[in-house]
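Opened a new model today and jotted down what I looked up. Starting with the fold, then the packing.

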Amino acid sequence: MEQSAKKITSVPTGISKAQEFIDQNIHRNITLKEVADHVYLNANYFSVLFREWVGINFSEYITQKRLLLAKRKLLETDQSIARISLSIGYQTSKYFTHLFKKHEGMTPTAYRKQLKKAS
């Protein structure tokens, strides 16, 4: 009798470890290769595996994680936009503001003002 292939339902250990590494190092300029090396995978294979299991590519995942952290900091602190952008791994507040507006539909300053009005 032929045994059917088992369907994998849990995230591979390498992807889980990669996500933990990203969370711990989100404030730095981490690369796909660095993360792949950390979990002992070839960068190309890791990229394909990551997208398959997470549902988005590596760079979009990093952006989403950073913007989530930025939104939390905008809500919970009075740090400047420049300080927040540096603390989440962006070298310039201009680039951070551009990405934030692209993804959230408003600037970080407008987002913070909206949050303060709602409080």
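Before reading off the fold: I count helices as DSSP runs of H or I with at least four residues, and strands as E runs of at least two, numbered from the N terminus. The model is predicted, so I kept its pLDDT cut-offs in mind.

Fold. I get seven helices and zero strands, so the pattern along the sequence reads α-α-α-α-α-α-α.

Overall shape. I checked the radius of gyration: 18 Å, well over the 14 Å from the globule rule for 119 residues, so the protein is more spread out than a compact globule. The C-alpha trace spans about 65 × 30 × 20 Å along the principal axes.

Surface and burial. I find 29% of the 119 residues buried. The accessible surface is about 8200 Å², with 51% of that belonging to carbon and sulfur atoms.

Charges. I counted 19 positive and 10 negative side chains, and the centres of the two sets sit 9 Å apart.

Core. Which residues touch the most other members of the largest nonpolar core? I noted Ile 22, Val 35, Phe 46, Phe 50, Phe 58 and Phe 96, out of 27 residues in that core. Two or more core residues come from each of α1 (13-25), α2 (32-38), α3 (43-54), α4 (58-76), α5 (81-87) and α6 (93-104). The largest share, seven residues, is from α4.

Close-up on Ile 22. Leaving out residues up to four places away in sequence, I see Ile 22 touching Ile 30, Val 35, Phe 50, Phe 58, Tyr 61 and Ile 62.

Contacts. Among pairs at least 6 apart in sequence, 50% join residues at least 24 apart.

Notes: Residues numbered from 1 in each chain as written. Predicted model: local features only at pLDDT ≥ 70, side-chain atom pairs only at ≥ 80, totals over all residues. Heavy atoms only, no water. Rg over C-alpha atoms; globule rule 2.2 N^0.38 Å. Buried < 20%, exposed > 50% of the residue type's maximum accessible area, 1.4 Å probe, protein only. Contact = heavy atoms within 4.5 Å. Areas by Shrake-Rupley, 256 points an atom, 1.4 Å probe, with all protein chains shown as cover. Lys, Arg positive; Asp, Glu negative; His and termini not counted. Charge placed at Lys NZ, Arg CZ, Asp CG, Glu CD. Core = buried A, V, L, I, M, F, W, Y, C linked by side-chain atoms within 4.5 Å.
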